[in-house]
Amino acid sequence: VTLLCKVNDFILFNESCLKWRRDRFGSRSEDTYSFQIQGQRSYQSEFFFETSFNYSTADDAPVVCLNLQPGTNYTVNITALTLQHSAHLQLSTAVTDPPVPAVQVMVVEQTLPPLILRRVENKNGPISFYQVVVLPLPLQHSFDCSSQTMRSYFGHRRGSEAYITAEFLALDVEDGMRFSVGDRLYYREYYNAALESGKNYSFLLKTISEWNSVKKQSCVTLAQLKGSSGSVKIMLFLGLASLGTVGFLLFLCYSLVWSCTIRR
């Protein structure tokens, strides 16, 4: 926060709250302050916020918390109407977690169709990147979306760790864009490796917002792949059982023929 002119020792705390000490000269019991607030976003030209209100108080150390939106630059003009003193403040609010897009989770077996990527609005800050994350299905409930140490395919521990298989600049993603996991191409610095056959996977879309050295992210599940389904296991078991039965019958026939030959 920058104080260009002050009423009397304004202090900013909790990002959007102001406190100060009120001058008590004279016999007045309270003072009235006029607040005029404007907000703009460099990354969202159509965004403009403006409001004004008066605040009267008899407290020696007043506190006012402003209703500010995340990821926004604000100009706050405060005037003590009784004394005609003014203050001009410039402050920025940090970005918060991006919105989570509405998706319908696909649950498929054996073959994974293209994933459908969904964009989100710059509601809590600018959307910078979208990442597609691959992780073993059993790890889905313990996955930490806020982790800053997630690796690429070549750096992750196979079978026990998630990895980033693709990254897109937000400007390059259209809502509803299709992406095929495992096409063996690079997306920015990440290699989109082929999936291991027969494994169970979960696929997440990670939305990343970066602004003023603050990074926030949110994740949503796009699909689950079950590489070896129960029906396939049953069919395999029945097939093996059938082969065993056929082998047993052949063995019996061979034994009978061999026994008859011996007796002759």
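Hi everyone, let's start in strand β18, which holds serine 218. Keep in mind that this is a predicted model. Is serine 218 buried or exposed? At 7% relative accessibility, below the 20% cut-off, serine 218 counts as buried. A polar atom of its side chain lies 3.5 Å from the backbone oxygen of proline 99. Beyond its sequence neighbours within four places, serine 218 is in contact with Pro98, Pro99, Val100, Cys145, Leu205, Lys206 and Thr207.

Now to the nonpolar cores. The largest has 27 residues, and those touching the most other members are Leu112, Leu115, Leu117, Phe168, Phe179 and Phe203. Strands β10, β11, β13, β17 and β18 each give two or more residues to this core. Apart from it there is another core, of 16 residues, including Phe10, Leu18, Tyr74 and Leu89.

On to the rings, which I think you'll enjoy. How many aromatic pairs does a search of the whole structure find? The count is 16. In one of them, tyrosine 43 and tryptophan 211 have ring centres 5.8 Å apart and planes at 75°, so the pair is edge-to-face. These partners are 168 residues apart, with tyrosine 43 in the loop between β4 and β5 and tryptophan 211 in strand β17. Tryptophan 211 is buried, at 12% relative accessible area. Ring pairs also join Phe10, Trp20, Tyr33, Phe35, Phe53 and Tyr55 into a cluster.

Last, charges over rings. Lysine 19 lies over the face of phenylalanine 13, 5.3 Å from the ring centre, and the charged end of arginine 41 sits over phenylalanine 47, 4.1 Å from its ring centre.

Notes:
Residues are numbered from 1 along each chain as its sequence is written. This is a predicted model: local features need pLDDT of at least 70, side-chain atom pairs count only at pLDDT 80 or more; totals for chains, interfaces and linings use all residues. Side-chain values use heavy atoms; hydrogens and water are left out. A nonpolar core is a set of buried Ala, Val, Leu, Ile, Met, Phe, Trp, Tyr and Cys residues joined through side-chain atoms within 4.5 Å. Buried means under 20% relative accessible area, exposed over 50%, partly exposed in between (1.4 Å probe, protein chains only). Helices (H or I, at least four residues) and strands (E, at least two) are DSSP runs, numbered from the N terminus. A polar contact is a pair of N or O atoms within 3.5 Å; within protein, one must be able to donate a hydrogen and the other to accept it, and residues adjacent in sequence count only if both atoms are side-chain atoms. Contact means heavy atoms within 4.5 Å. Rings of Phe, Tyr and Trp (its six-membered ring) pair if their centres lie within 6.5 Å; planes under 30 degrees apart count as stacked, over 60 as edge-to-face and the rest as tilted. A charge sits over a ring if NZ of Lys or CZ of Arg is within 6 Å of the ring centre and within 35 degrees of the ring normal.
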